[in-house]
Amino acid sequence: MPDITLTTLQGLKQKGEKITMLTCYDATFAHASCAAGVEVLLIGDSLGMVTQGHDSTLPVTVADMCYHTASVKRGNQGAFIIADLPFMAYATVEQTLHNSGLLMQAGAHMVKIEGAAWLADSIRQLAERGVPVCVHMGLTPQSVNLLGGYKVQGRGEAQARQMRADAIALEQAGAAMILLECVPSELAAEITQAVKVPVIGIGAGSATDGQVLVLHDMLGLSISGRVPKFVKNFMSGQDSLHGALSAYVSEVKAATFPGIEHGFSA
């Protein structure tokens, strides 16, 4: 696979070709994902739950993220690497710049932060310093206590209107990608059309520019027993890891995943 860059991903959006993304936390799975054609590897703070055994992402530290980012980097074979800034690692602009620098030095090509329009100043300063930013909107797991649980966001006209406005404002501030989680499919489609940057969905319907799933979820490896509605087990019917990863890539590219049953209504 030739090296995937931000320009590559922007080109895929312009051509209408779906972008494939999976979470990844180590060198072995990075290598396997690349071999199957996954274009973007996300070192998500979901590692706190799937590799560390916590009940949320909140205990994950910047040091944890740097360790796993460096591990993925060593196994990477051309994919674009995004790393999460974990809980309270971007509470101030100064913190954001410092911790983003650590993740980029560890091997990330882009950092991801959760939030809305209030992030605009940090995004602007990161972009000015050559750090591409993906903004995670909708259900933001780091805010689970404030949101009152893992709930669909953007339902109701007022909330939907605010999310659209925030997405446009963040693009104008310099965001280079938007990730929408647990957002009504119709709203996700509207936001995807409203911005020029790639929009990746998870539980946001099939009209986004690409899809992401937690690696362990799409392999049927949930230790909690709770499987989100938007997850499909791609190991089912496959006899190898490569088969499951390739099936995911194929279905995302063909826009057969996610199906209607994986999305949410307003």
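Predicted model: local features only at pLDDT ≥ 70, side-chain atom pairs only at ≥ 80, totals over all residues.
**Entry 1**

I next checked the pairing of the strands. β4 and strand β5 (residues 133-138) run parallel and are joined by four bridges. In this pairing I located Val111 opposite Val133 of β5. Strand β3 (residues 80-84) also pairs with β4 in the parallel sense, here over three bridges. I recorded Met110 of β4 as the bridge partner of Ile82.

Is β4 enclosed or open? I looked up its five residues, 110-114, and five of the five are buried, so the strand is largely enclosed by the rest of the structure. I then separated the two faces. Met110, Lys112 and Glu114 lie on one side, Val111 and Ile113 lie on the other, and all are buried. I note that the buried set includes Lys112 and Glu114.

**Entry 1. Thr69 in helix α4**

I turned to Thr69, which is found in helix α4 (residues 62-75). Its relative accessibility is 0%, so Thr69 counts as buried, the cut-off being under 20%. I listed its contacts beyond neighbours within four places in sequence: Ile43, Ala83, Leu103, Ala106, Gly107 and Ala108.

**Entry 2. The nonpolar core**

Which residues have the most contacts inside the largest nonpolar core? I found Met21, Ile123, Leu180, Leu213, Met218 and Tyr248, in a core of 88 residues. Helix α11 (residues 241-253) gives the most to this core, with six residues.

Leaving aside neighbours within four places in sequence, I found Met21 in contact with Val38, Val40, Leu42, Ile82, Met177, Leu179, Ile200, Gln211, Val212, Leu213 and Tyr248. I note that Ile82 in this list is the residue whose bridge partner in β4 is Met110.

**Entry 3. Val212 in strand β8**

I placed Val212 in strand β8 (residues 210-213). Val212 has 3% relative accessibility and therefore counts as buried. Not counting residues up to four places away in sequence, Val212 touches Met21, Leu22, Thr23, Leu42, Leu179, Ile200, Gly201, Ile202 and Tyr248. I examined Gly201 separately: this residue and Val212 are 11 residues apart in sequence, and their C-alpha atoms are 6.3 Å apart in space.

**Entry 4. Cavity and pocket**

How many cavities of 30 Å³ or more does a search of the whole structure find? I recorded one. The largest cavity has a volume of about 30 Å³. I listed its lining as Ile202, Gly203, Gln211, Val212, Leu213, Phe230, Phe257, Pro258 and His262. β8 gives the most to this lining, with three residues.

I then looked up the largest pocket, which has a volume of about 890 Å³. The lining of this pocket comprises 38 residues, and Met49, Tyr150, Val214, Asp217 and Pro228 lie nearest its centre. I noted that α3 (47-50), β4, β6 (177-181), β8 and α10 (215-218) each supply at least two residues of the lining.

**Entry 5. Backbone details**

Which residues does a cis peptide bond join? I found Phe257 and Pro258, with omega about 0°. Pro258 has its place in the segment after α11. Both Phe257 and Pro258 are among the residues that line the largest cavity.

Met88 has phi of about 60°, and I located Met88 in the loop between β3 and α5. With a relative accessible area of 51%, Met88 is exposed. Cys182 has phi near 50°, and I placed Cys182 in the loop between β6 and α9 (185-194). At 6% relative accessibility, Cys182 counts as buried.

Conventions: Residues numbered from 1 in each chain as written. Heavy atoms only, no water. Buried < 20%, exposed > 50% of the residue type's maximum accessible area, 1.4 Å probe, protein only. Pairing = 2+ DSSP bridges. Contact = heavy atoms within 4.5 Å. Core = buried A, V, L, I, M, F, W, Y, C linked by side-chain atoms within 4.5 Å. 1 Å grid on protein atoms, 1.4 Å probe; cavity = no way out; pocket = protein on both sides within 12 Å on 5 of 7 lines; lining within 4 Å. Points joined across faces, edges and corners; volume = space filled by probe spheres on them.
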